[in-house]
Amino acid sequence: MPAIVIIGAQWGDEGKGKVTDALGGRSDMVVRYQGGNNAGHTVVTPAGEKFALRLIPSGILTARTTVIGNGVVVDPAALAEELGELDARGIDTSGLVISANAHLVMPHHRALDKVTERFLGKAKIGTTGRGIGPAYGDKIARIGIRMQDLLDEKILREKIEAALQEKNQVLVKLYNRKALSIDETFTEYLRFGDALRHRIIDTGLLINRALDVGQLVVFEGSQATMLDVDHGTYPFVTSSNATAGGASVGAGIGPKRLDRIIGIVKAYTTRVGSGPFPTELFDASADYLRKTGGEYGVVTGRERRCGWFDSVVARYANRVNGLTDFVLTKLDVLTSLDRVPICVAYDVDGERCEEMPMTQTEFHHAQPIYEYLDGWWENLSTARTFADLPVNARAYVERLEELVGVQISAVGVGPGREQTLVRHELI
Ligand code: IMP
C-alpha cells in the first residue's frame, strides 16, 4: 500500500495534520502537493508538545523525507520563519526538500491579496491574505517565478523586473499603494535562494523512485474538497486543487499510483472565510462547538463558523475524491448534547436534494433537513477502542457511515496521538 492521500472532506481544519502525523510515523516520505502557508496544521505529539505548521508538511515531525511538491506555492520568508521555529524546538529539518518547479509567493502577491480583498468589499472571499491566490494566478498566466529561478541570478533579476514593472503599476495606479523596490526584492530573494539551494531538487523524480521501490509515501492535502478551485464553493475557495486529483498533478506522479484516498471529516462542520454553508449555526450551539472544539484559525486566529455534520457534503467529497476511507475527527466535542442533529439532505426551493446542487445559487438557497440522534454524556477522551465508546456515540458514527457510503476507519476523540480509535487499519 505505498501511496496514501489524505484529503479534507469539508471546508478545511478537519484535523488532517494529526492523521498525517500518525501515518507519517510509519511512512518513508510525506509530500505536500498544493496550497501554501495559508494552511494550518496542528499536531500534538505524545509528549504533549503542540506544533502549528503552515507550509511545511506535518510529516516533518516523523517521516524521514518531507517534500514540498511542484503544486505548492512557497513564500520563502514564511518558510524561513517556520524552519527557524522548528530548529529552535530541536526538530531535525534536514530531510525537507522542495520542488524546483514550485512557484514562489512574492511580496507583490501578498500586497495584492490584501488590496483586492478590500476592493471586493461585501463580496470578499475572506482569504488568509498570504498572497496565495495572486501567486497561483500568475502561475496560470505563465508569469510566475519558480524555486529554480532562485538558483539563477540573471533570470531571477529579469523575472522580478518584469513582474514588478506590471504589478507596481497596478499597486500604485489602481490601488493607491506604494511601489515595491526591484532591488530590495531581488536582494531578499537572492538571499533566500542561498539559504534554500541545498533543498531544491527534482521532487517528482524522488517521489516516483520511492514508489518504485515500494516505499510508503503519504500525500498530505491542505485546505479541503469544498475549497477546491474546481469542485468547491467557487469563488469562495482557495486557488488550487485540494482534491485527490491534485495529488497526482501537484506531486508529479501518475494517477494510477494512488492506492488509498482517505477523507478526513469532522463530527460537525466548520468554515473560515466567506461563502455558503447550509448547516451553519448562529445560536448558542455555534458558541458551544467553537469553544469546545477550539475552533479558531491556526494561521489567522479568526473564529471559525460552526455547524452540524452535513452528509450531502461528505457524500460529495466521496464522489469527487474517490475515497477509500473516512477518518472522523473530534467526536468528543459533541459530548453532552441532548440530541445530535445530522443533515441528511437539503431542501432547495421546496425540492429535496440528496446530492450537491448543480449551481451556486441553488446551494445558497439550500436549507438543511435534519435527522436527530440521541446524545451521550460520557467522557470519550479516554476511550482507546471503538467498543469503549458509549452506545449512542457508536450509533452516531454508524449512522454517518451509512449516510456517506464509505467506511469510517478511524475516530478521533482528542488531540493526542493515542486518541484515535482505529476500526480498520489505514496502512
Ligand atoms: P486563500 O487560500 O488564502 O486564498 O483563502 C481562500 C479561502 O480558503 C478562504 O475562505 C480561506 O479562509 C480558506 N482557507 C485557506 N486555507 C485554509 C485552511 O487551511 N483551512 C481552512 N480554510 C482555509
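Visitor: What makes strand β15 and strand β19 a pair, and how many bridges join them?

Guide: First, a caution: this is a predicted model, where local features need pLDDT of at least 70, side-chain atom pairs count only at pLDDT 80 or more, and totals for chains, interfaces and linings use all residues. Residues are numbered from 1 along each chain as its sequence is written, and side-chain values use heavy atoms, with hydrogens and water left out. Now the pair. Two strands pair if DSSP finds at least two bridges between them. Residues 325-329 (β15) and 408-412 (β19) share three bridges, in the parallel sense. Three meets the cut-off, so they pair. Leu328 stands opposite Val411 in β19.

Visitor: What makes something a strand here?

Guide: A strand is a DSSP run of E, at least two residues, while a helix is a run of H or I, at least four; both are numbered from the N terminus. The chain has twelve helices and 20 strands.

Visitor: How do you know whether the chain is as compact as a globular protein of that length?

Guide: Compare two values. The radius of gyration, taken over C-alpha atoms, is set against the globule rule: 2.2 Å times the number of residues to the power 0.38. The chain gives 22 Å, close to the 22 Å from the rule for 427 residues, so it is as compact as a globular protein of that length. Its C-alpha trace spans about 65 × 50 × 40 Å along the principal axes.

Visitor: Why is β15 called largely enclosed?

Guide: Start with the term. Buried means under 20% relative accessible area, exposed over 50%, and partly exposed in between (1.4 Å probe, protein chains only). Five of the five residues of β15 are buried, so the rest of the structure largely encloses β15. In a regular strand, side chains alternate between the two faces of the sheet. In β15, Asp325, Val327 and Thr329 lie on one side, Phe326 and Leu328 on the other, and all are buried. Over the whole chain, 56% of the 427 residues count as buried.

Visitor: Which other strand pairs with β15 in the parallel sense, over five bridges?

Guide: Strand β11 (residues 260-266) does. Val265 has Leu328 of β15 as its bridge partner.

Visitor: What makes β9 and β20 edge strands?

Guide: Look at the sheet order: β9-β7-β5-β2-β10-β1-β11-β15-β19-β20. These ten strands form an open sheet with mixed pairing. The edge strands, β9 (200-201) and β20 (420-422), each pair on one side only.

Visitor: How many residues of strand β16 are buried?

Guide: Eight of the ten, across residues 339-348, so β16 too is largely enclosed by the rest of the structure.

Visitor: Which strands pair with β16 in the antiparallel sense?

Guide: Strand β18 (residues 367-374) does, over eight bridges. Arg339 stands opposite Asp374 in β18. β16 and β17 form a hairpin with two residues between them, and Asp349 in the turn has a positive phi of about 50°.

Visitor: In which sense do β14 and β16 run?

Guide: Parallel: two bridges join β14 (residues 309-310) to β16. Asp310 has Cys343 of β16 as its bridge partner.
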